[in-house]
Amino acid sequence: MRETYADNLRIEATTSASQNWANPDQEGHRLDWRKRMSDTVAYGLLVYTALQIFVTLRTLEGEGSSLLPMIALVVLVAGVIPMFRHFERRWEALDDTAAAEPTLQSAFRRDQLAVWAISIGLPFLLTALFRALAAIG
């Protein structure tokens, strides 16, 4: 039987999470990796879109007023949504017990860093690519 990412996360979780779910942390929030990843993906998408608008779109804009940069922006944002959704879907599969498991912090941080690396790095990478292509052509 093929194990899913959520199954692997459950295997990593070795301590009882029922206490963690019932007892809030120091700030009064209950530990829920699903919600935290959902928030990370939402904020990452906002940052990605803002950077696409202010960095990449400026590179694509030419002398004339063309719709091409706007269409490119829509395509670039729509293209990254499935990638971000992939991270969120992996964490949504957790049940309440596993979602409150503190031992999943390292797996969460790994995925969180990947989301932020894509959110911040991809617009600059695309801008560099577009500029290189413009210099060649």
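Buried here means under 20% relative accessible area, a handy cut-off for these close-ups of a predicted model.

**View 1. The buried residues of helix 6.** With that cut-off in mind, which residues of helix 6 are buried? They are Ala107, Phe108, Asp111, Gln112, Val115, Ile118, Ser119, Pro123, Leu126 and Thr127. As you trace them, keep in mind that an α-helix has 3.6 residues a turn, so residues three or four places apart point the same way.

View 2. Over its 32 residues, helix 6 still reaches 45 Å from first C-alpha to last, close to the 46 Å expected at 1.5 Å a residue.

**View 3. Helix 4 packed against helix 6.** Here residues 68-92 (helix 4) meet residues 105-136 (helix 6) at an angle of about 170°, with the axes 11 Å apart. That angle makes the two helices roughly antiparallel. On the helix 4 side, look for Leu76, Val80, Met83, Phe84, Phe87, Arg90 and Trp91; their partners in helix 6 include Phe108, Asp111, Val115, Ile118 and Leu122. The residues of this contact divide into 14 nonpolar, one polar and two charged.

**View 4. Helix 3 and its bend at Gln52.** Helix 3 covers residues 33-60 and reaches 38 Å between its end C-alpha atoms, close to the expected 40 Å. At Gln52, helix 3 bends by about 35°, and Gln52 is also one of its buried residues. Others to find among the buried residues of helix 3 are Trp33, Arg34, Met37, Gly44, Tyr48 and Leu51.

Methods. Residues numbered from 1 in each chain as written. Predicted model: local features only at pLDDT ≥ 70, side-chain atom pairs only at ≥ 80, totals over all residues. Heavy atoms only, no water. Axes fitted to C-alpha atoms, helices over the stretch in contact; angles between N-to-C directions. Helix = DSSP H or I, 4+ residues; strand = E, 2+ residues; numbered from the N terminus. Parallel < 35°, antiparallel > 145°, perpendicular 65-115°, else oblique. Contact = heavy atoms within 4.5 Å. Nonpolar A, V, L, I, M, F, W, Y, C, P; charged D, E, K, R; others polar. Expected span 1.5 Å × (residues − 1). Buried < 20%, exposed > 50% of the residue type's maximum accessible area, 1.4 Å probe, protein only. Bend = angle between axes of the 7 residues up to and from the residue.
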